[in-house]
Amino acid sequence: MKTELCGIRSEADLRTALDADPDAIGLLVGRRHASNDFISVETARALCALLPPFVQPVLITHLSAPDEILNVFRAIGPMTIQLHGETTPEQAALLRRELAPSVKLMKSVWLSETNGYAQLSAYLPHVDAFFIDSRNPETDQVGGTGLLNDWNLAARFVRESPIPVMLAGGLTPENGAGASK
């Protein structure tokens with residue numbers, strides 16, 4: 001199991017996250033939905049500089065316009081971008097062409113009975129992984145909601161996807177092992 005710890009906002013947050021020995025840390029830049037975890041480009045760049053070897057920085061963004069995403073990416077320089085907004089498959093294709101294969105793209109998805117793998121398969125040629133997260137329609141918050149995903153829908157999505165899938169949404173030390181089954 002690989003772990004990404006998101007919502008790192010300060011050097012103190014980063015030190016705490018690194019104590020958990022994550023594979024990646026998520027830096028949220030480019031807010032469009034409700035969240036308290038977004039930081040400036042400058043803060044993200046400074047936090048990336050403090051990372052030890054083998055901990056991957058991930059740019060997590062609600063932005064969907066490729067030019068905006070590319071500007072933020074170029075200012076920070078992570079090797080993975082998590083598209084957490086309303087990015088279309090066409091926009092993901094443009095980002096893939098611009099960033100070549102050296103930068104990995106993940107597409108965050110919010111599953112429901114009517115929004116599953118079949119509806120999201122158009123992203124396959126353009127992204128390297130999917131990231132299943134939770135959404136709170138009452139607060140317009142996407143990710144970081146503390147709400148559990150429907151693990152049956154997630155398991156079906158994982159079985160159908162030919163690319164890696166990460167799971168988020170209400171995971172805790174108590175339920176994380178069960179989520180990986």
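Which residue of E3 does Leu 28 stand opposite? In this predicted model, Leu 28 faces Ile 60 of E3, and the views below start from the sheet to which these strands belong.

View 1. Seven strands form an open sheet in the order E1-E2-E3-E4-E5-E6-E9, and their pairing is parallel. Strands E1 and E9 (165-167) stand at the edges with a single partner strand each, so one side of each is left without a neighbour in the sheet. On average, and with direction ignored, neighbouring strands of this sheet are turned by 25 degrees against each other. Helix H4 packs on the sheet, where it touches E4 and strand E5 (104-109), and the direction of H4 makes about 160 degrees with that of E5. Helix H6 (residues 151-160) also packs on the sheet, touching E5, strand E6 (129-132) and E9, and its direction makes about 165 degrees with that of E9.

**View 2. Strand E2 between its two partners.** In strand E2 (residues 24-28), 5 of the 5 residues are buried, so the strand is largely enclosed by the rest of the structure. In a regular strand the side chains alternate between the two faces of the sheet. Ala 24, Gly 26 and Leu 28 are buried on one side of E2, and Ile 25 and Leu 27 are buried on the other. Strand E1 (residues 4-6) runs parallel to E2 and is joined to it by 3 bridges, with Glu 4 opposite Ala 24 and Leu 5 having Ile 25 as its bridge partner. E2 pairs with E3 over 5 bridges, also in the parallel sense.

**View 3. Helix H3 and its two sides.** The buried residues of helix H3 (residues 66-76) are Pro 66, Ile 69, Leu 70, Val 72, Phe 73 and Ile 76. Seen down the helix axis, these buried residues fall within an arc of 165 degrees, so they line one face of H3. They pack against helix H2 (41-49), strand E3 (56-61), strand E4 (80-83) and helix H4 (89-99), whereas the face turned away from this buried side carries the exposed residues Asp 67, Asn 71 and Arg 74. Just after H3, Gly 77 takes a positive phi of about 85 degrees.

**View 4. Thr 87 in its loop.** Thr 87 lies in the loop between E4 and H4, and at 1% relative accessibility it counts as buried. Leaving aside its neighbours within four places in sequence, Thr 87 is in contact with Leu 63, Ser 64, Ile 69, Ala 92, Lys 107 and Tyr 123.

How values were computed:
Residues numbered from 1 in each chain as written. Predicted model: local features only at pLDDT ≥ 70, side-chain atom pairs only at ≥ 80, totals over all residues. Heavy atoms only, no water. Buried < 20%, exposed > 50% of the residue type's maximum accessible area, 1.4 Å probe, protein only. Helix = DSSP H or I, 4+ residues; strand = E, 2+ residues; numbered from the N terminus. Arc of directions from axis to C-beta. Contact = heavy atoms within 4.5 Å. Pairing = 2+ DSSP bridges. Axes fitted to C-alpha atoms, helices over the stretch in contact; angles between N-to-C directions.
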